[in-house]
Amino acid sequence: MSGATFFWMGRSIPFQEGESIASALDAAGMVSFGPGVPPSQMRFFCGIGACQCCLVRVDGATREACLTAAAAGLEVEPAGGAHG
Ligand code: FES
């Protein structure tokens, strides 16, 4: 039971306790995590921190969304493209 949310580009994203940011974004229908190396998009892929496809900016710091636990009130946004 959780009513907690974080923010993805200003949009509230709900998550379950212990869920990763990548999993919560994926569950919310966010297929793209922002621009990657053109023409690809950043996205949830390996889920284990190996591919670096899910890099996002979390409260200003670049992180793997699949390894970063969602927490209430976090400000998450695209990492900036081309792996930052
Ligand atoms: S999905 Fe591969 S590093 Fe996160």
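Mentor: Start with the overall dimensions, and keep in mind that this is a predicted model. The chain has a radius of gyration of 12 Å, which agrees with the value near 12 Å for a compact globule of 84 residues.

Trainee: What box do the C-alpha atoms fill?
Mentor: Taken along the principal axes, the box is roughly 40 × 25 × 20 Å.

Trainee: And how much of the chain counts as buried?
Mentor: Of the 84 residues, 32% count as buried.

Trainee: Which elements are there, and in what order do they run?
Mentor: The chain has one helix and five strands. From the N terminus on, the order is β-β-α-β-β-β.

Trainee: In what order do the strands sit in the sheet?
Mentor: The five strands form an open sheet in the order β2-β1-β5-β3-β4, with mixed pairing. At the edges are β2 (11-14) and β4 (61-64), each of which pairs on one side only. From one strand to the next, the twist averages 40°.

Trainee: What holds strands together in general?
Mentor: Strands of a sheet pair through backbone hydrogen bonds, and they can run parallel or antiparallel.

Trainee: Back to this one. How do β1 and β2 run, parallel or antiparallel?
Mentor: They run antiparallel and are joined by four bridges. Trp8 stands opposite Arg11 in β2. The two strands form a hairpin with two residues between them, and Met9 in the turn has a positive phi of about 50°.

Trainee: How does β1 run against β5?
Mentor: β1 and β5 (residues 75-78) run parallel, with two bridges joining them. Phe7 has Glu75 in β5 as its bridge partner, and Trp8 has Val76.

Trainee: And how many bridges does β3 have with β5?
Mentor: There are three bridges between β3 and β5, and the sense is antiparallel. Arg57 has Glu77 in β5 as a bridge partner.

Trainee: What about β3 and β4?
Mentor: Those two pair in the antiparallel sense as well, over four bridges. β3 and β4 form a hairpin with two residues between the strands, where Asp59 takes a positive phi near 50°.

Trainee: New topic. Which residues touch the most other members of the largest nonpolar core?
Mentor: That core has 21 residues, and the ones touching the most other members are Phe6, Trp8, Ile21, Leu25, Phe33 and Val76. β1 (5-8), α1 and β3 each supply at least two residues of this core. The element that gives the most is α1, with four residues. As a general point, nonpolar side chains in soluble globular proteins tend to be buried together.

Trainee: Phe33 was on that list. What does Phe33 touch?
Mentor: Leaving out residues up to four places away in sequence, Phe33 touches Trp8, Ala22, Leu25, Met42, Arg43, Phe44, Cys54, Val56, Ala65 and Pro78.

Trainee: How many aromatic pairs does the structure hold?
Mentor: It holds two. In the pair of Phe6 and Phe15, the ring centres are 6.0 Å apart and the planes are at 40°, so the pair is tilted. Phe6 and Phe15 are both buried.

Trainee: One more residue. Where does Cys53 lie?
Mentor: Cys53 is in the loop between α1 (21-27) and β3 (55-58). Cys53 counts as partly exposed because its relative accessibility is 22%, and buried would mean under 20%.

Trainee: What does Cys53 touch?
Mentor: Not counting residues up to four places away in sequence, Cys53 touches Met42, Arg43 and Phe45. The C-alpha atoms of Cys53 and Gly36 are separated by 7.8 Å, and these residues are 17 apart along the chain.

Trainee: Last one. What share of the contacts comes from residues 24 or more positions apart?
Mentor: Among contacts with a separation of 6 or more, such residues account for 39%.

Definitions and conventions
Residues are numbered from 1 along each chain as its sequence is written. This is a predicted model: local features need pLDDT of at least 70, side-chain atom pairs count only at pLDDT 80 or more; totals for chains, interfaces and linings use all residues. Side-chain values use heavy atoms; hydrogens and water are left out. Buried means under 20% relative accessible area, exposed over 50%, partly exposed in between (1.4 Å probe, protein chains only). Contact means heavy atoms within 4.5 Å. A nonpolar core is a set of buried Ala, Val, Leu, Ile, Met, Phe, Trp, Tyr and Cys residues joined through side-chain atoms within 4.5 Å. Two strands pair if DSSP finds at least two bridges between them. Axes are lines fitted to C-alpha atoms, for helices over the stretch in contact, and angles run from 0 to 180 degrees between N-to-C directions. Rings of Phe, Tyr and Trp (its six-membered ring) pair if their centres lie within 6.5 Å; planes under 30 degrees apart count as stacked, over 60 as edge-to-face and the rest as tilted. The radius of gyration is taken over C-alpha atoms; the globule rule is 2.2 Å times the number of residues to the power 0.38.
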